[in-house]
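Work through the exercises below with the sequence and the model open. Try each task before reading its solution.

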Amino acid sequence: MPYDHSSRILVTAGSTVVPIDKVRVIDNIFRGRTGEAIAAYAAAYGNSVTLLSSARAREFTGAADLPNVTRRSFRTFDDLAALMEREVCVGGYDAIIHSAAVSDYVVAGVLVPGLGGLQRLALSGSAAAKISSSHDKLYLELKAAPKLVDKVRKEWGFTGMLVKFKLQVDMPDEELLEIARKSREASDADFIVANCLEWSREYAYIVGGDGEPSKVSREELPAALLRRIA
C-alpha cells in the first residue's frame with residue numbers, strides 16, 4: 001500500500017558542490033537517480049511532492065512531468081541548506097526523504113607556498129573570481145560541514161516521518177548496518193536506507209527503530225520505503 005494519497009512529501013535528490021573559487025568546485029559522483037525515482041513513485045500515487053534536486057539530477061528524472069511535483073533546484077551546499085530550512089520550517093510536510101548526497105566538507109581556505117610558509121589567498125571579493133593558474137601548488141583547507149539531516153528535528157522542529165540515507169565503501173554488511181543504526185539514532189530519523197557503493201545499484205537495506213534490516217532491490221526501494229513510512 002503506498003503512502004496516504006493526501007500526504008505532502010519533501011524529497012532531496014542529487015549532490016551538492018563546494019566552490020573553491022568562481023569557476024572551480026569540489027564535487028562527488030552521485031546524480032540523484034534514487035531520489036528522483038522515489039519522488040516519481042510518491043507522486044504517481046497522488047501525493048503532493050516537493051523535490052529539491054541538483055541540476056544534473058534532471059537528466060534522470062521521472063518526476064518532472066507529473067503535475068503534483070514541485071521542483072526546486074540547488075547547486076551548492078549553501079543552496080540546499082537554505083532551501084531545506086525554508087521548506088521544513090514552513091512547508092507543512094508529513095514526511096521528509098533526504099536522499100541527496102550532501103558534501104561532508106566545505107572549503108575554509110586556499111593556501112599557496114610563500115616565503116615564510118603557506119600564504120592564505122582571499123576567498124571573497126574580486127580576488128576570488130578565479131585563482132591564478134600560475135601557482136605551482138595549491139593547498140585546500142577543508143572543514144566539516146554541518147549535517148543538514150541533523151537540523152531537521154533539532155533546529156527546524158520537524159515532527160513528521162524522517163528518512164535518512166547512509167552510504168559507505170568497501171564494508172561488510174554487518175558493519176554497515178551497525179553504523180546505520182547509530183546514524184539513524186543520531187538524527188532521530190524514523191528510517192535509514194543503507195548501502196555500500198560497490199552494490200548500491202543492486203540493493204539496499206531499510207532499517208527502522210527496531211534495528212532490524214530489510215533488504216530490498218534497487219527497483220523495489222521506492223515502493224518499499226513508501227510502504228514503511230505509511
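**Exercise 1. Which residue in β10 does Ala95 stand opposite?**

Solution. Ala95 faces Met161 in β10. Strands and helices here are DSSP runs numbered from the N terminus, with at least two residues (E) for a strand and at least four (H or I) for a helix. The model is a predicted one, in which local features need pLDDT of at least 70, side-chain atom pairs count only at pLDDT 80 or more, and totals for chains, interfaces and linings use all residues. Residues are numbered from 1 along each chain as its sequence is written, and side-chain values use heavy atoms, with hydrogens and water left out.

Next, take the two strands as a whole. Strand β6 (residues 95–98) and strand β10 (residues 161–168) run parallel and are joined by 4 bridges. Two strands count as paired if DSSP finds at least two bridges between them.

**Exercise 2. In what order do the 8 strands of the open sheet stand, and which strands are at the edges?**

Solution. Step 1: the order is β5-β4-β1-β6-β10-β11-β12-β13, with mixed pairing. Step 2: β5 (69–74) and β13 (213–217) each have a single partner strand, so one side of each lacks a neighbour in the sheet. Step 3: from one strand to the next, the twist averages 20°. Angles run from 0 to 180 degrees between N-to-C directions, with axes fitted to C-alpha atoms, for helices over the stretch in contact.

Step 1: Contact means heavy atoms within 4.5 Å. Helix α5 (residues 221–229) lies across β1, β6, β10, β11 (191–196), β12 (203–207) and β13, at about 140° to β10.

**Exercise 3. Is His98 buried or exposed, and which side chain does it join in a polar contact?**

Solution. Step 1: locate His98 in strand β6. Step 2: His98 has 6% relative accessibility and so counts as buried; the classes are buried under 20% relative accessible area, exposed over 50% and partly exposed in between (1.4 Å probe, protein chains only). Step 3: the side chains of His98 and Thr12 make a polar contact of 2.8 Å. Such a contact is a pair of N or O atoms within 3.5 Å; within protein, one must be able to donate a hydrogen and the other to accept it, and residues adjacent in sequence count only if both atoms are side-chain atoms. Step 4: leaving out residues up to four places away in sequence, His98 also touches Met84 and Val149, among others.

**Exercise 4. How many disulfides does a search of the whole structure find?**

Solution. The search finds 0, a disulfide being a pair of cysteine sulfur atoms within 2.5 Å. As for accessibility, Cys89 is partly exposed at 45%, whereas Cys196 is buried at 1%.

**Exercise 5. In which sense do β12 and β13 pair?**

Solution. Step 1: β12 and β13 pair in the antiparallel sense over 5 bridges. Step 2: Tyr205 has Lys215 in β13 as its bridge partner. Step 3: the hairpin of β12 and β13 has 5 residues between the strands, and Gly211 in this hairpin takes a positive phi near 80°.
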